[in-house]
Amino acid sequence: MMQKNDQIRLIIEDMGVGGEGIGHYNGMTFFVKDAVIGDEILAKITKVKKNYGYARLEEILAPSEYRTNPRCELHRKCGGCQIQAMDYQAQLAFKENKVRGNLIRLGGFAADFIDTVMEPIVGMDEPYRYRNKAQFPIGLDRDGNLVAGFYAARTHSIIPVSDCVLGVAENREVLDRVLAYMRQNKVRAYDETTGKGLVRHVLIRYGFTTKEIMVCLVLNGDELPMEQKLIQSLCELEGMKSISMNINTSMTNVILGDETRCIWGEAYITDYIHLRDCSNEAFARTDMAIAYRISPQSFYQVNPIQTEKLYSLALSYAGLDGTQTVWDLYCGIGTISLFLAQKAKKVYGVEIVPQAIADARNNAKLNGITNAEFFVGKAEEVLPEFYAAPDADDSMKSPDVIVVDPPRKGCDEACLNTMLKMKPERIVYVSCDSATLARDLRILVDGGYELKRVRPVDQFGHTVHTETVVLLSQTK
Ligand code: SAH
C-alpha cells in the first residue's frame, strides 16, 4: 500500500487540463505539478486516494525533450504560468489537444469529424512580454521589506518580483518608482490580515500600438500623502498618460473598488486593434484599425497582438459583405462589435456591465461608427425580450449572424435556445474555455447547426488557457 511521503519513480506520459504531469505507478495514476510530458522523475506522494494520487516533483532523473529553460526562475512558486518549463511548440500542441479532447469527450463529436473541421492553433511569434496589463500586490516580504510581487501560496507574505516576463519591460520602472516614493514618504503597504496600511495594488496598463502608460494605485483610503512626489516621479517616464487612484476599503480579495479618481493626465489610455489578413498564416496587419479608450476598470483583452488575430478570424468567419444584421452577445466594451460594424449593415451588442456599454458607445463615437447599437443586460434576457417584442424590427428577430464571446461558464441555455429560434445563417462562437464550448456546441448542433471550423488561438502563452473561435452554419 502506498502512502503519503513515499518516493516513487514516474514516467510522465500525459498532461492534465491544468498542465499537471500524469504518470502511473503500481496501477495508480499520479498527478504531478511542474512535471512535463516525457520527463522521468522522482516524486514524493502528497495525497493518496483509491486509485489515484498527487505527488510533488522532487528530482528530474531524465528531462523530457519538451523541457526548456524557463525564463522566470519563480515560475514554480508563482503559479501564474503552469507550463513555462515546456517548450512553446509543445505548449501549443498541448492546447490544441485539450480543445480537441474536450470537443470529443464533452461535446460528443466523433474524433474523425473533429479532425476535418479543426485548424492548427494560431501561436504567438514572441511568447514573452505579451501582456498589456499587470496588477502587482504591494506588501512586505518575509523580512519585512516593502516589495511588489505576488502572494506566496497559503501565506500573507509577498515574494518580490521586479520583472514578470509576461508583462512589458516598462512595469519594472513604474514599480521601482512607486516603491521609492512609498519608502521616502513613509507610505505603508496594506496588510490583508489587519486591514491596515494604504497601498494595496499597483495596476499598470500599456497601449501596445500607442506606447501609452496608465498607472492606478489601489488604496485602502482616499488620500495619498505627498501625492505630488509620486506624480513628479512617474511623469518622467516616457509614455505616461494617466495616473489614478482607486479606492477599495473593503476586506476582500477583489482587487478594484468602485471609485476611481484620476490624479494626473487623462482618465484613460488609447490603443488600436488592427484588422489582420487571415488568408494566410502570416496574419499581416491591414490599415483598418479601431481605437479603444481603456480606463483602469475596463475589460480589455490582455494580449493585444493575438487579439487582432482572434477578432480578425471571428470577422472572417462571420462572412459579412455589408448587408447583414449581426448580434454580438457578451460584447464587453464593444471590441468585436466595432470590428463587425465595419463590414455589417447593423450590429447589436449586449453586455451585462453598464460601464462597459458606456465605453462601447464612446468607442463607437470615437471611431465614427453609427451602425452599432448597444444594450445593457444579460444575453439570456435581452435576446428573448427582443425576440418576443411585437414592435422589434424583423432584422433583429432574425439576424444573419450571431457572435458570442461568453465568460468561462459559457452561454446560458436560454440564450442558446433563443439563438436557435432566431435561425441566423451563421453563428461565430469565441470561447475562453473549451469545456463549456463543447457543451454549448452540442446544443447548437442538435438544434440544427453544423460545425464548420474550429481554430484555437493562443492568447495566454505559458498558461494552460486558450481561446478558440468556431464557425457554425445552419444545416440546410
Ligand atoms: N467580447 C468582449 C468581451 C468578452 S468577455 C471582448 O472581447 O472584449 C465576456 C463578457 O461577457 C464580459 O464583458 C462580461 O461582463 C460579460 N458577461 C458576463 N455574463 C454575461 C451575461 N449573462 N450576459 C451578457 N454579458 C455577460
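This is a predicted model: local features need pLDDT of at least 70, side-chain atom pairs count only at pLDDT 80 or more; totals for chains, interfaces and linings use all residues.
Buried residues, meaning those under 20% relative accessible area with a 1.4 Å probe and only protein chains counted, make up 54% of the 476 residues in this chain. Residues are numbered from 1 along each chain as its sequence is written, and side-chain values use heavy atoms, with hydrogens and water left out.

Let me turn to the overall form. For 476 residues, a compact globule would have a radius of gyration near 23 Å, and the chain, at 24 Å, agrees with that; the radius is taken over C-alpha atoms, and the globule rule is 2.2 Å times the number of residues to the power 0.38. Along its principal axes, the C-alpha trace spans about 65 × 65 × 40 Å.

If we count contacts, which are heavy atoms within 4.5 Å, then 63% of those with a separation of 6 or more join residues 24 or more positions apart.

Now let us look at one residue, Gln-324. Is Gln-324 buried or exposed? Gln-324 is buried, because its relative accessible area is 8%. The side chain of Gln-324 reaches the backbone nitrogen of Asp-321 at 2.9 Å. Leaving aside neighbours within four places in sequence, Gln-324 is in contact with several residues, including Gly-319, Lys-343, Asp-400 and Arg-426.

Key:
Buried means under 20% relative accessible area, exposed over 50%, partly exposed in between (1.4 Å probe, protein chains only). A polar contact is a pair of N or O atoms within 3.5 Å; within protein, one must be able to donate a hydrogen and the other to accept it, and residues adjacent in sequence count only if both atoms are side-chain atoms.
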